[in-house]
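Please walk through the following model from its overall fold down to a single helix, keeping the sequence and the coordinates side by side.

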Amino acid sequence: LCRALCLIAAMVEQAFRHYHEVLGSPRYFAAPMVKQSDLAFRLMVRRWGADCCYTPMLKSAKFLQGDEEEMSEFVTVAGAADRPLVAQICGRDPDELVAMARLLHQLAPGGFDAVDLNLGCPMANAEFERYGAFLIEGEDNIQVACECVRALSSSPDVKVPVFCKIRILPSLDETLRRSEE
């Protein structure tokens, strides 16, 4: 138990250090929006005070297949104009998600500061493909979500922290239970 608590304390310290030193202690985040959080939007909201922005949700399967429409969603610029930046990805295959993060690192001229695994999208295509909010419904899907998070966070190819965005569930207790899983 003591070893586990020390490990958790070290992880919290590392997360705080990243938040403070790399992200610059952002106070205002521009929430990710499907098909809306493009470069022009991010640059505009930064002018109006957003400290940290997200890319649009990038579907790992389509992106890795070279889908032009999907790939056109990921545009950034070198330098500080679009930083700090969180790359938001979705999918349900751990290896595919790691490959996606690796490819994004190669494609980003300015880089990005974290990867966000979307576990909150309620849209019909997310339900059909079982990603987003539907990846944390039912024990089998929750297990897949945990495998995805473990794969991303333990891969040497993913050199930034991994965030997970979830929706608030009907009760606070249920939300906290799912978060801890």
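Helices here are DSSP runs of H or I with at least four residues, and strands are runs of E with at least two, numbered from the N terminus. In this predicted model, the chain holds eight helices and six strands, and from the N terminus on these follow one another in the order α-β-α-β-β-α-α-β-α-β-α-α-β-α.

As for overall dimensions, the C-alpha trace spans about 45 × 40 × 35 Å along its principal axes. The radius of gyration of the chain is 16 Å, which agrees with the value near 16 Å that a compact globule of 181 residues would have. Of the contacts with a separation of 6 or more, 66% join residues 24 or more positions apart, while buried residues make up 40% of the 181 residues. The chain exposes about 10300 Å², of which carbon and sulfur atoms supply 58%; its side chains include 19 positive and 26 negative ones, and the centres of these two sets lie 4 Å apart.

An α-helix has 3.6 residues a turn, so residues three or four places apart point the same way. Just after α2, Gly49 takes a positive phi of about 115 degrees.

Terms used: Residues numbered from 1 in each chain as written. Predicted model: local features only at pLDDT ≥ 70, side-chain atom pairs only at ≥ 80, totals over all residues. Heavy atoms only, no water. Rg over C-alpha atoms; globule rule 2.2 N^0.38 Å. Buried < 20%, exposed > 50% of the residue type's maximum accessible area, 1.4 Å probe, protein only. Contact = heavy atoms within 4.5 Å. Areas by Shrake-Rupley, 256 points an atom, 1.4 Å probe, with all protein chains shown as cover. Lys, Arg positive; Asp, Glu negative; His and termini not counted. Charge placed at Lys NZ, Arg CZ, Asp CG, Glu CD.
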